[in-house]
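Dear colleague,

I am passing on the model we talked about. Please have it open while you read the notes below.

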Amino acid sequence: MIALANRLLRHSVMRYLVVGGGSFAVNVLLLNILIVHLHWDPERVAAPAAFLLTFGVAYTLQRVFTFRSEADVNGSMLRYLLLAGVNTLAQIPLHELGSSLGLGTARRQFLATGIITVWNYFAYKHWVYVDRTHPLPADAETVAWHERAALRVRAVANIGRLDRGGAPDPAPGTRPADHPSDLSTDPPADLPADPPTDLTPGRDPLASSDSETGKR
């Protein structure tokens with residue numbers, strides 16, 4: 001069961017849905033506490049307070065858990081707030097769409113929530129939580145997809161270069177042939193194979209080594 005859950009949570013879509021469901025549960029729990037136990041006014045105080053607290057929880061979990069983003073907090077929070085404003089205004093045309101389809105209030109709300117849930121995922125992934133210094137989608141599997149696409153483009157470019165008689169680009173992670181670490185470390189042929197052993201002051205070590213070589 002744990003292994004299955006880990007496999008499912010590798011995908012940002014599943015993590016997004018888990019956080020969304022968890023945020024809804026947090027909202028309901030907070031609303032219940034504020035109204036039932038603290039006796040706050042349901043419409044004027046409890047509902048807005050629960051919404052704001054849930055808003056912060058949802059932003060943090062989507063950032064840290066769902067998309068594992070390293071984007072600037074201030075920038076991503078501003079984009080998150082802008083998206084929330086757009087979602088609020090979008091409720092009007094979405095409910096009008098549901099009404100034109102003959103749906104009741106509950107079904108209209110279900111339709112609006114479903115559409116907003118889908119576009120929020122892509123907005124979070126490609127805009128809200130994207131690191132401006134590295135403008136790729138936030139989650140790791142999409143970054144990996146972009147890297148694979150870059151490798152395919154490089155492979156196609158190499159095919160065209162070979163057709164023109166050129167040499168292909170080296171594969172990522174490989175060294176060119178003239179890299180210093182590829183150069184031979186064997187000593188030149190004119191140097192003695194063994195180091196000189198006579199280190200008497202005033203004597204030339206190389207001369208000593210040459211004389212020993214002549215004796216051999």
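**Overall make-up**

The protein has 7 helices and 0 strands, which read along the sequence as α-α-α-α-α-α-α. Please bear in mind that this is a predicted model. Of the 216 residues in the protein, 23% are buried. The exposed surface comes to about 15200 Å², with carbon and sulfur atoms supplying 66% of it. Among contacts with a separation of 6 or more, 49% are between residues 24 or more positions apart.

**Helix α4**

I looked at α4 in some detail. At the start of this helix, a side-chain oxygen of Asp 72 comes to within 3.3 Å of the backbone nitrogen of Asn 74. α4 has 28 residues, and the distance from its first C-alpha to its last is 40 Å, close to the 40 Å expected at 1.5 Å a residue. After the helix comes Gly 102, which has a positive phi, near 80°.

What do the buried residues of α4 pack against? They pack against α3 and α5. The buried set includes Gly 75, Ser 76, Arg 79, Tyr 80, Leu 83 and Asn 87. Further along α4, Ala 90, Leu 94, His 95 and Gly 98 are buried too.

**Aromatic residues**

The structure holds 13 aromatic pairs. In one of them, Phe 67 and Tyr 121 have ring centres 5.9 Å apart and planes at 40°, so this pair counts as tilted. The pair links distant parts of the chain: Phe 67 sits in the loop between α3 (42–66) and α4 (73–100), while Tyr 121 belongs to helix α5 (residues 105–128), 54 residues apart. Both Phe 67 and Tyr 121 are buried.

Tyr 121 also pairs with Phe 122. Their ring centres lie 5.2 Å apart with the planes at 80°, so the pair is edge-to-face. Are these two residues buried or partly exposed? Tyr 121 has 8% relative accessibility and therefore counts as buried. Phe 122, at 46% relative accessibility, counts as partly exposed.

Phe 67, Tyr 121 and Phe 122 belong to one aromatic cluster, together with Tyr 16, Phe 51, Phe 55, Tyr 59, Tyr 80, Tyr 124 and Tyr 129. Tyr 80 in that cluster is also one of the buried residues of α4.

Best regards

Notes:
Residues numbered from 1 in each chain as written. Predicted model: local features only at pLDDT ≥ 70, side-chain atom pairs only at ≥ 80, totals over all residues. Heavy atoms only, no water. Phe/Tyr/Trp six-rings, centres within 6.5 Å; stacked < 30°, edge-to-face > 60°. Helix = DSSP H or I, 4+ residues; strand = E, 2+ residues; numbered from the N terminus. Buried < 20%, exposed > 50% of the residue type's maximum accessible area, 1.4 Å probe, protein only. Contact = heavy atoms within 4.5 Å. Areas by Shrake-Rupley, 256 points an atom, 1.4 Å probe, with all protein chains shown as cover. Expected span 1.5 Å × (residues − 1). Polar contact = N/O pair within 3.5 Å; in protein donor to acceptor, adjacent residues only side chain to side chain.
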